[in-house]
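Please look through the sequence and the 3D structure shown here before reading on.

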Amino acid sequence: MTVMSFQLPPDRRRRRGQLMLLVVFIALLAAVLASFAVGPLRLPPMEVLQALGVKLGLVDAAQVSARDVAVVWQLRIPRVLLGAIVGASLAMAGASLQGLFGNPLADPGIVGVSQGAALGAVAAIVLGAATVGGWVIPLAAFTGGAVAISITYLLARPGRGDGNATLLLVGIAMAAFCSALIGFFTYIASEAQLQSLVFWQLGSLASADWADVAAVVPLFAIGMVCLLRLATPLDMLALGERQAQHLGLDVARTRRRLVAFSALLVGAAVAFAGSVGFVGLIVPHVARLLVGPGHRWMLPLSGVLGALLIVVADTIARTLDPPSEIPLGLFSAALGAPFFLWLVMQRRSKGGV
Amino acid sequence: MNVLLTLRHVGVVRQQRAILAAVDLEFMAGTVTALVGPNGAGKSTLLGVACGDLQADTGEVLLHGKPLQAMQAGALARERAVMPQEHAVRFAFGVEEVVAMGRLPHPPEPAHDARQIEAALDAAELQPLRQREVQQLSGGESARTTFARVLAQATPVLFLDEPTAALDLRHQERTLRTVRGLADAGACVIVVLHDLNLAAGYADRIVLLEQGRVAADGPPADVLTESTLRRVYQQDVLVLQHPRRPVPLVVVV
């Protein structure tokens, strides 16, 4: 389709978009390196670099303590990478859902996708399907998320009733229904299953390892690339579904794709890190303030900002009260909920959608 | 004459009520057709069916002799542009960004696209507002932005649903002059209007709808007669000769 490759001619946001992407990406790299160094065991930056160098064969292993190498390589790197991917996934899924619903209040947690994904994952664990293989939980999370968005979308699509109120009410109902089912599965779960279930309720990166990273990377890569290709269709949807169709967009197909790829990203994030709320709400909003609403820049910037936010939040979460750590989900909710309220109040004073 | 669009026996039924019944119309290239009629006569429904938004329950719509429903969204968008009554844009896009979206159906040609966008911004007098966010515009300014987007789409067929509803006097006239110019250059324009004098002043042909049927169809002077208007609108009117132009002038008594 010609629409995909097209660039709006007066692309005055281009320079700003490139600049912001570069700045935030550098900030992300700095945050990643810093978070390798901090934690219950504080390592000077030089030792972190040496530990990295050992694995890459640049530094003689005798110069660095094996403990430092293990901490950096086995604990921190997978954790930081997983955090960055989870943050980028949730933020990009949030940005896409906001475009799909035509509503900046849409967030994976608010439209019920995260709960749907969590329900899928919990069901997979309790019903014993998780023992089949490591891919079952992400698949179940994806399916649960996709079903949840589809239902929410059917009931609260743009132009149907009062935008904000309908979306939030349907989201509440969706989340409540999923929570009820999660509660049911928790009730029938065995002792051992219960332990893994608690993980989803809080949202945490504490158990991250290289296997998780290896499993999440392909899901993330597919979801990210496919969503980025939908940047122009997302711009068109801002005019309303009918108007987007008038401009030649196959709205039904675009909608199916947005639902599928958002669910893929949310499913991947929830399967490996539990429910981390509000990232998909805050980050696209900030990205829009920085580079404008055009998805060509806003979508990738949301990804990098989301990664930055989670890496920083997780670093703080595990350094505030060592050696124990504050669950990441609590952290993001504590930050996100007031922001959400502010957004609702601000929109109400402007007269809603 | 070159027929671009044909409605053949089009009927639309909603909740057992016939919104449109057996409408047969042909639209030629190079003409402006005004759809007029009282509230609920079926104007917007007719426009919706003709532009492909709504599926007719009976009959068919042919564009260039081919059924409209069989066309892909992309191909259709290169043939017809639609200006709806609703102009809301979600998120803070700029005026020129929204107008530029009118070029999306066409294969990219930067220089040509830029010219089309500038011409559309000029026609809708949006140059001073081009950097503004659409969400900050007044109702009339948003309507002009949508109109400019439709112009930028540069299609042979245009559907306009009350393009002048929110506009001031000057921009009402400007908009219809632009529409007239497009038709003179070969476009087929179908426009829903409430103002009978705008219809009389700029349309070649007026289709008067009454309860889902075509009550009158022809040049303004033939359709806008006192007896027809009194019957259809149930309102006493006088039809005068416009003092300056050779068109009828409808005055409410």
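Leaving aside its neighbours within four places in sequence, with which residues is Ala148(B) in contact? The model is a predicted one, and in it Ala148(B) is in contact with Val99(B), Ala120(B), Leu121(B), Ala123(B), Ala124(B) and Leu126(B), once the neighbours within four places in sequence are left aside. Ala148(B) also belongs to the largest nonpolar core, which has 195 residues, and it is one of the members that touch the most others, together with Ala121(A), Leu35(B), Ala50(B), Val189(B) and Val191(B). Helix 4 of chain A, which covers residues 66–101, gives the most to this core, with 18 residues. In soluble globular proteins, nonpolar side chains tend to be buried together.

The two chains also meet: 27 residues of chain B are in contact with 27 residues of chain A. On the side of chain B that touches chain A, the elements giving two or more residues are helix 2 (73–79), strand 6 (80–83), helix 3 (95–100) and helix 4 (110–123) of chain B. Sorted by class, that side of chain B has 20 nonpolar residues, six charged residues and one polar residue.

The pairing of strand 6 with strand 7 (residues 157–161) of chain B is parallel and runs over four bridges; within strand 7 of chain B, Leu158(B) is the bridge partner of Ala81(B).

Strand 4 (residues 58–63) of chain B pairs with strand 5 of chain B in the antiparallel sense over two bridges, and Lys66(B) in strand 5 of chain B is the bridge partner of Leu63(B).

In chain A, helix 2 (residues 14–37) has 24 residues and reaches 35 Å from its first C-alpha to its last, close to the 34 Å expected at 1.5 Å a residue. Among the buried residues of helix 2 of chain A are Met20(A), Val24(A), Leu28(A) and Phe36(A), and what covers the buried residues includes helix 3 (45–56), helix 4, helix 13 (279–291) and helix 14 (295–317) of chain A. Just after helix 2 of chain A, Gly39(A) takes a positive phi of about 150°.

A last stop is Ala92(B), which lies in the loop between strand 6 and helix 3 of chain B. Why does Ala92(B) count as partly exposed? It has 17 other C-beta atoms within 10 Å, whereas a buried residue would need 20 or more and an exposed one 12 or fewer. Apart from its neighbours within four places in sequence, Ala92(B) is in contact with Pro293(A), Glu133(B) and Gln135(B).

How values were computed: Residues are numbered from 1 along each chain as its sequence is written. Chains are lettered from A and ligands numbered from 1 in the order in which they are written. This is a predicted model: local features need pLDDT of at least 70, side-chain atom pairs count only at pLDDT 80 or more; totals for chains, interfaces and linings use all residues. Two residues are in contact if their C-beta atoms, placed from the backbone, lie within 7 Å. Ala, Val, Leu, Ile, Met, Phe, Trp, Tyr, Cys and Pro count as nonpolar, Asp, Glu, Lys and Arg as charged, and the others, Gly among them, as polar. A nonpolar core is a set of buried Ala, Val, Leu, Ile, Met, Phe, Trp, Tyr and Cys residues joined through C-beta atoms within 7 Å. Two strands pair if DSSP finds at least two bridges between them. The expected span of a helix is 1.5 Å times one less than its number of residues.
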